[in-house]
Amino acid sequence: MEIKKKNVGAMLVGEWNTKTIVAVAIGAALFGVLMCYGGIPIFTNTSLTTAMIIPVIVGALFGPLPAMVCCGVGNVIADLIGGWGLWFDWSVGNAVMAFCVGLLPVYGANIKEGIFTAKHAVIYAVCCILGNMVAFGVITPIFSALFYGSDLNLTFLQALAATLGNTLVLVVVGIPILLVLANRYKSRTNLKEDKGDQY
Amino acid sequence: MKEPAIVFKDFSFQYRVQHEPTLHDINLTIYKGEKVLILGSSGSGKSTLANCINGLIPFSHHGTMTGSVTVMGQETRESSIYGLSKTVGTVLQDSDAQFVGLSVAEDIAFAMENEAKPRREMVPIVEEHAATVGMSDFLGAVPFNLSGGQKQKVAIAGVLGSNVNILIFDEPLAALDPQMGNTAVELIDDLARDKERTIIIIEHRLEDVLHRNVDRIVLMADGRIAADMTPDELLKSDLLQKHGIREPLYVTAMKYAGCELEGTENLGDINTIRFTDEAKGKLMRFFTEESEPMPENTADEVVGFDHVTYEYDAGKPVVRDASFSIKRGERIAVIGKNGAGKSTAAKLICGVARPKSGTVRIDGQDAKSLSIKEIGERVGYVMQNPNQMIIKDTIKKEVEYALTIREMPQDTIREKATAALNACSLYSMRNWPVDTVSYGQKKRITVASILVLEPDVLILDEPSAGQDYKSYTEIMKFINVLNREYGKTILFITHDMHLALENTERAIVFSDGEVIADDKVFAVLANDDIISRANLKQTSLYTLAKHLCLEPEQVTRRFIAHEREASKA
Amino acid sequence: MNNKLVINFVPGPTPVHKLAGSTKMLIFLLFTAAIIATFDIRVIAALMIVPIIAIISMRPNYKPLIVLLSVMLVTTGVIGSIMLLIVSPDTGFSHVGGSTIIWQASEKLFITRETLWYLLVTMTKRVASFLTVMMFALATTPSEFASGLAFLHMPYKVCTIVSLAYRTIPDIASKFIDIRNSMQMRGVELSKKASVGKRLKATGQLLIPLIMSSFGRVESIANAMDLRGYGRLKTRTWYAEHELTNLDKILRIAAIFFGAAILFYIVYFRIINPYPAEMWCPFIAKEDIIAKSQFEDIFFLKWFNK
């Protein structure tokens, strides 16, 4: 397979063909459903939610912008099917967080070709923490205070809980999933039948 | 002079990711107004051939093409996927995936939306196409309230553009139950009446397609055209067996009876078939021979239903007052059309659903006192789609999974997993990643991952769905070994009459939640009343019996008995 | 499935249901903007009138609405208020402009009249926001939602993502239930009996087949779309976006005035001639308001100042 050098800009945007659109749509639906039903609440407005692994997968396979759109749309859908009202502050926060989580291809973790090393895992974890801090420590509080007059202290505490909760899921569940995915995509040559007793 | 619609000339194609070409030296001309069946097992290249016509090759799947393909005189590589979509309409195998709109009308309009046609022009066209496929009354319906057959009709309406004169049906029968399959074949035939239209059907289920006549059959094998002839000629040849295609049941019956196929007229159509006197005599002799009666099963009961009723929504029972008893070591077909309650019955056995009234017995014990997990150790349930079951990344880990979560000691896990892997002939592949194996092998993995728990009863949900004859026979052979050698009780949930006929002794028929028959499989399949009430399809043995003026039950019984003797030998 | 979701897949029969997707989208956005723009409880209360009338006119099934509203009131209302009183009891000062203690337990735990007022205002704002979303969600089918987005000049690929996502949700839900059942049959404990850690792990494992089989269909869906000419042109039309009715036309004209009013409100009352505190309060005269920035109260900034 030919390896092209893509510039970072193209990598951030990703390739928006029909396949990407369908994948982002399915990702958004999964994100929405998991936001509503796939979490354990830990704080007001926050929960340990399995939805967080969706941006990991979409990001790994399609890049940061698809991951971002996926989570932004997914969050709006979650708000509408869950019916608890649209909270743009959290949607924007989730989208920004997803962008940072989805940076995987930019620093060379190419899941589609089975490349995901310990170094990538560390960068990934750092990106998750930073992304969550920016998203929920800066962006969401600004919008919350501006739009809904939320108290900043409370918002920062919520941001802290969200960052901790999300990072926990992103690292504890996300890294094994990335490893599994990378393994699944790894070249499938040299498969030999093995009739030996060595189990 | 016939006008050619599609011409392949010295054509070969190789996918970029593969080492060998998928299509070799294809020379094929399909004329305007023809109805052609492209037949072949999976991996024969039949879908690739279709994708070369609609432009998915080379525009969406990349690879190397040599030679030429022209569609209505236009070289495809010089056109585009969109340009071709104006003349070629493709109905994909998975009609659920093809349904991208949120309602029937929107999905029919999808192609016009993409052309940015104003809405007021779309409305009459949508109505016209919906009427063509008989979906006028469902324009506002949402996809998840439609049956597979209805979704497929919508898919057809969605590709009927104004200039679409070539229609490709990629495995149109795969997701349909028998009755709907018949309707689909009839609808395709009605569309073929219009002599401007060229119809290409891609299938491996020959007998079901031959429910209505086709002009020509192109048989594909290993990327080459193995035959290009009329149905009658093909059925008389030995090519079907050679290339792993199931021949129609009545043809098998004729062979069992020792008939010469050569002189038979209209061999491709059971309704108008004309036997020679000699063949008729042989058939009469074969079917009137007495066969050994099937042994009665006198073992004790493993699963029992006693007046079981279950409902999802109050007042609308999905299973109503069902009673039956399954004995150890039996092979049973639970049949009925989609939504008749057969899957719910399976859920009731597994304890995922609990009866509203009545009792489910497992090993003589009321299932009420057993947890899902406990029932899982006695009854194993294999889902239809193996992709929905596989969790781990290698075969070995997947098979060990149920044991690992029970925290068994390592030695025990190893011993049990080895036994299950061997039973499913997967031992030599145990360290392979699950993604590298075929659909049929994945199915075997899911069976193995259930077998490690050593359940007495195995429930298999639609084991034949989505598989060609070869991998189907492979799986059935293996299931039958489990039954014969390990004494497992097998329950097939299916609407495949062939499967029931060949692999089970008894059939329980569901219709609208009720058990309407529970009898020997040949008695059920020969009973016209039950078959039509359950919305199923007669096998061609039934029609054959009518031709010979024999009792269908007797014909079916003799056929099964002969088949079982043959498989024993 | 259908009745568990608030959003409808099948269009309803009432006049509000029959509006064009673009009109619904427009009204929804204007109301959302208006609610975001104001902190004056009198204005917010007035803004609730239209959504309430619209919801009543659609004759919805009230039971899920009441459940959702009470869940929201309990989580963000009761729990949120208690959290707030613990974390920053004097938050009313910076929002309302005063601090009148009416109950005190200790130096750090007290209730002021202004904080209570602040809680009332933010709660009202959330309820108004909730009602607006409900009005929109009850009236709109997903395809109208997508065509409404197209009307707002969103790239049509984003609109497709929205409608396809909705198309997929019921499939995901039924797949989820199937997989969950099959896992339980293999002996995985998913009920409340297992610990949080174990459940999270088990759910994680359940997601693998769910995600794999969901994403496994990307290719066939994309092929089906390509074969019907998706993405060829720069624009696209929407079958779900029907011709405007008279009511649509009237509402659009009203929307223009409403939009202008919102703009005027923001420019005049929030920028040119702002009220001295963020929130109007009947207990405090305009002259008595003491301005205080919220930022002075942020706990970690205080640490830096020490």
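Asn297(B) touches Lys327(B), Gly329(B) and Glu330(B), leaving aside residues up to four places away in sequence. Keep in mind that this is a predicted model.

**Around Asn297(B)**
- You'll find Asn297(B) in the loop that runs between helix H13 (277–288) and strand E11 (301–313) of chain B.
- Asn297(B) counts as partly exposed because it has 14 C-beta neighbours inside 10 Å, and a residue needs 20 or more within 10 Å to be buried.
- Glu330(B) sits 33 residues away from Asn297(B) along the chain, yet their C-alpha atoms are separated by 7.4 Å.

**Helix H5 of chain B**
- H5(B) covers residues 104–114, and eleven of its eleven residues are buried.
- The buried set includes charged-class names such as Glu106(B), Asp107(B) and Glu113(B), along with Ile108(B), Phe110(B) and Met112(B).
- The cover over these buried residues includes helix H6 (119–132) and helix H7 (148–159) of chain B, plus H6 of chain C.
- Just past the end of H5(B), Ala116(B) has a positive phi of about 60 degrees.

**Where chain C meets chain B**
- The contact draws 49 residues from chain C and 50 residues from chain B.
- On the chain C side, the elements giving two or more residues are helix H6 (142–151), helix H7 (156–185), helix H8 (196–215) and helix H9 (218–227).
- H7(C) supplies the largest share of that side, with twelve residues.
- Sorted by class, the chain C side has 23 nonpolar, 16 polar and ten charged residues.

Methods: Residues numbered from 1 in each chain as written. Chains lettered and ligands numbered in written order. Predicted model: local features only at pLDDT ≥ 70, side-chain atom pairs only at ≥ 80, totals over all residues. Contact = placed C-beta atoms within 7 Å. Helix = DSSP H or I, 4+ residues; strand = E, 2+ residues; numbered from the N terminus. Buried ≥ 20, exposed ≤ 12 C-beta atoms within 10 Å, placed from the backbone.
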